[in-house]
Amino acid sequence: MLRIYAPASSANISVGFDTLGAAISPIDGSLLGDVVQIEDIPAGFELESAGYFVRKLPKEPQKNIVYQAYVLFSERLKLRNGHVKPLRLTLEKNMPIGSGLGSSACSIVAALVALNTFHNEPFSKMELLEMMGELEGRISGSIHYDNVAPCYLGGVQLMVQSLGNICQQLPFFDSWYWVLAYPGIEVSTAEARAILPKSYTRQDVIAHGRHLGSFVHACHTQQDVLAALMMKDVIAEPYRESLLPNFAEVKQASRDLGALATGISGSGPTIFSIAPDLAVATKLANYLENHYLQNNEGFVHICKVDNQGTRALG
Ligand SMILES: Nc1ncnc2c1ncn2[C@@H]1O[C@H](COP(=O)(O)OP(=O)(O)O)[C@@H](O)[C@H]1O
Ligand SMILES: N[C@@H](CCOP(=O)(O)O)C(=O)O
């Protein structure tokens, strides 16, 4: 029996809509992500689901993205004259759905890595990642790799989508803490994409290019102040902030408490705040616990970038 854990991810990082994402893990060692278990059975295919957020999954098993991952993996294997073994997948759905923490990506990545490992790795990393993007696209309406890539490979990933690589890892700032606050309400990624403008002004396009280019340059040259200053979003945040509770006020208060940058994680409603040290991170976490959470489902975690990505649990 094999158990695969896939971590939460924070897509966009304000400055790279659909092109940047980071894998994230709480510093207290807790696992913030989904687990998929795979095991032999005598015949056929079985899917079981468990975990705190199992009640939020679609009622029909065929709509569970883990089921669709199994179907896609089987079809692709068949194209190579292979066939899937009889097996049972058990999804532990620990991630809230529609949270902006790459919940669907966690399930997709854990399921495909489990299936690939169980069949002695017939697919390369990039082939698997391409399948992950296809499945993510079915859920959100268009293919984007900024959750599945960091969730699978770890670190901060830049989607280059060229020369046979879907993504490449960016050097990042090891000292930074990420404070993630999920308010406990749901925002659908598909809906949060649908409200974005179809086109942008030349002024916005230039600003976006300057921010993203300077941010990537700052990562490579390890200029943390420049990188934090460039974490500005002209593509999504102005249109999505109304979906989040008191976003402008919370962002200003986080800045006053010493946050280097604050933005929407993925399509929200989770927000992230970057802290230069643990003392500021703790202050931010306390503030967000008291001012951003809307109900008992909400949570705040002090995190770091997870450089391991998806892995087998012992
Ligand atoms: N295993 C799964 N995990 C998460 N979402 C799933 C899963 N299977 C199907 N879904 C559906 O995918 C959609 C996920 O919504 P989305 O807003 O993209 O969430 P997230 O941003 O957290 O990934 C929901 O409609 C949900 O019902
Ligand atoms: N780039 C996407 C990322 C969505 O992330 P999620 O965690 O909300 O699924 C977008 O911003 O639409």
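The legends below describe close-up views of a predicted model.

**View 1. The shell of residues around ligand 2.**
The shell around ligand 2 counts 16 residues, and those that come nearest are A11, G100, T189, G266 and S267. Sorted by class, five residues of this shell are nonpolar, eight are polar and three are charged. Helix α5, which spans residues 189-194, gives the most to the shell, with three residues.

Domain 1 comprises residues 2-170 + 308-312, and domain 2 comprises residues 177-304. Ligand 2 lies between these domains because both give residues to the shell around it.

**View 2. An open sheet of five strands.**
The strands follow the order β5-β6-β4-β1-β13, and their pairing is mixed. At the edges stand β5 (45-50) and β13 (311-312), each of which pairs on one side only. In general, the strands of a sheet pair through backbone hydrogen bonds, either parallel or antiparallel.

Strand β4 (residues 33-40) and strand β6 (residues 87-92) run antiparallel and are joined by six bridges. Helix α2, formed by residues 103-118, lies across β1 (2-7), β4 and β6, and runs at about 30° to β4.

An unreviewed UniProt entry lists residues 64-155 as "domain: GHMP kinase N-terminal". Over residues 64-155, the chain is 57% helix and 7% strand. The end C-alpha atoms of this stretch are 27 Å apart.

Technical notes: Residues are numbered from 1 along each chain as its sequence is written. Chains are lettered from A and ligands numbered from 1 in the order in which they are written. This is a predicted model: local features need pLDDT of at least 70, side-chain atom pairs count only at pLDDT 80 or more; totals for chains, interfaces and linings use all residues. A residue is near a molecule or strand if its C-beta atom, placed from the backbone, lies within 6 Å of it. Helices (H or I, at least four residues) and strands (E, at least two) are DSSP runs, numbered from the N terminus. Ala, Val, Leu, Ile, Met, Phe, Trp, Tyr, Cys and Pro count as nonpolar, Asp, Glu, Lys and Arg as charged, and the others, Gly among them, as polar. Domain bounds come from an automatic or database domain assignment. Two strands pair if DSSP finds at least two bridges between them. Two residues are in contact if their C-beta atoms, placed from the backbone, lie within 7 Å. Axes are lines fitted to C-alpha atoms, for helices over the stretch in contact, and angles run from 0 to 180 degrees between N-to-C directions. UniProt positions are given in the numbering used here, feature names are shortened, and annotations may be inferred rather than shown by experiment.
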